[in-house]
Structure formats: C-alpha cells, structure tokens
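I opened this model to look up its helix packing, its salt bridges and its strand pairing. My entries follow in the order I made them.

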Amino acid sequence: MAKTCVTIGSAMGRASGLVGSAILKYGTEEQKQKYLSPLTKGEIIGGTGLTEPHSGTDVAAMETTAVRKGNEYIINGSKIWISGISSARWFLTFAVTDKEKGKKGITAFIVDTDSPGFRSALIKNKFRFSFPCWRVNL
C-alpha cells in the first residue's frame, strides 16, 4: 500500500508502528484495552507527537518536560508535524522527566485530545499541539 500511497500506508501502519507497538510492549493491561484494542479494530485513530519546533527529531535536545505532582504529570511543551492530528483521539507523545539521564530520561505519555489544556492549531501549513500545564493522570 505504501508503494502506491505513502499517506494511506502510514495511516494503515500506525496500529503496528510506533503507536501500537509501544503500547503493546510497555503499556498496562488497562491501556492496551482502552487504546490498543480499538486502534487495531480501526475504531479510533492514535497519533504520534515527537518532533519539536526547536529540536526537530533530536530527542537529546527535547524541550518538552513532564513533572510528577501526586497522581499526575504536568507536561509543558509543544510538538509539530503530528501524525494523525486531524483525526486522532489520542496521541503518544514524549517528554523529559529526568534531564540528567539524557535520552534515558525521556518518558512516553498517552494523552487524550480532550485532556484539559490540550490545544492544536495549523501554523504555516504545519499542525502543532501544545500543552502548557497539561495534566496526565496516572
């Protein structure tokens, strides 16, 4: 499919690509049921947010941070070039939780688009989402 249409191939591969495989390998059983099961059935679409405005895909230079406060993380940052931004109901995104650990101090988060503080916008032909004080419950 990707040989004929890269966009369709990318959308079809999302469930088995980064979004699906990360949840399958590292997600809890609850996360697998809530996100992975509907994703593999084609009932919902998940997206990925890794690229940042100032660091691109260089994860070592990632500026988005997440700080744990009680039973939630507060994420501050922005992502651009978001896969599935126009149709995804949730995103797998990444934030620095321990700067001293370098790349190993980056944590993946599943964030629903209806989370308080979540915003998305089209900026100069690029979609962007940001989350100042975006709270993710544990």
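Entry 1: the whole chain. I began with contacts between residues at least 6 apart in sequence: 56% of them join residues at least 24 apart. Contact here means heavy atoms within 4.5 Å. The model is predicted, so I noted the limits: local features need pLDDT of at least 70, side-chain atom pairs count only at pLDDT 80 or more, and totals for chains, interfaces and linings use all residues. Residues are numbered from 1 along each chain as its sequence is written, and side-chain values use heavy atoms, with hydrogens and water left out.

I then looked up the secondary structure. The protein has three helices and nine strands. Helices (H or I, at least four residues) and strands (E, at least two) are DSSP runs, numbered from the N terminus. Along the sequence the pattern reads α-α-α-β-β-β-β-β-β-β-β-β. Buried residues make up 40% of the 138 residues. Buried means under 20% relative accessible area, exposed over 50%, partly exposed in between (1.4 Å probe, protein chains only).

Entry 2: H2 against H3. I took helix H2 (residues 18-26) and helix H3 (residues 29-40). Their axes come within 10 Å and cross at roughly 150°. Axes are lines fitted to C-alpha atoms, for helices over the stretch in contact, and angles run from 0 to 180 degrees between N-to-C directions. H2 passes H3 in a left-handed crossing. Left-handed means that the near helix is turned anticlockwise from the far one by less than a right angle; clockwise would be right-handed.

Which residues make the contact? From H2 I listed Val-19, Gly-20, Ile-23 and Leu-24; from H3, Gln-31, Lys-32, Tyr-35, Leu-36 and Leu-39. They divide into six nonpolar, two polar and one charged. In this scheme Ala, Val, Leu, Ile, Met, Phe, Trp, Tyr, Cys and Pro count as nonpolar, Asp, Glu, Lys and Arg as charged, and the others, Gly among them, as polar.

Entry 3: burial in H3. I found Lys-32, Tyr-35, Leu-36, Ser-37, Pro-38 and Leu-39 buried in H3. The buried residues of H3 pack against H2, S1, S5 and S6. Gly-42 follows H3 and has a positive phi, near 80°.

Entry 4: salt bridges. How many salt bridges does a search of the whole structure find? It finds three. The criterion is a side-chain nitrogen of Lys or Arg within 4 Å of a carboxyl oxygen of Asp or Glu.

I started with Lys-32 and Glu-29, whose side chains meet at 3.4 Å, N to O. Both lie in H3, three residues apart, about one turn of the helix. Lys-32 is buried at 18% relative accessible area. Glu-29 counts as exposed at 53%.

Next I checked Lys-34 and Asp-112, which meet at 3.7 Å, N to O. This pair links distant parts of the chain: Lys-34 sits in H3, Asp-112 in strand S6 (residues 106-112), 78 residues apart. Lys-34 is partly exposed, at 47%. Asp-112 counts as buried, at 19%.

Then I looked at Glu-52 and Lys-79, with 2.8 Å from N to O. They too link distant parts of the chain, 27 residues apart: Glu-52 is in the loop between strand S1 (46-49) and strand S2 (65-69), and Lys-79 is in strand S4 (residues 78-80). Both Glu-52 and Lys-79 are buried.

Entry 5: I looked at both faces of S1 and found them covered. Gly-46 and Thr-48 on one side and Gly-47 and Gly-49 on the other are all buried. S1 and strand S5 (residues 90-96) pair in the parallel sense over four bridges. Two strands pair if DSSP finds at least two bridges between them. Gly-47 stands opposite Phe-91 in S5.

S5 also runs antiparallel to S6, joined by seven bridges. Ala-108 in S6 is the bridge partner of Phe-94. S6 is mostly covered, with five of its seven residues buried.

Entry 6: the loop between S5 and S6. I found Lys-99 there. Is Lys-99 buried or exposed? Lys-99 is exposed, with a relative accessible area of 68%.
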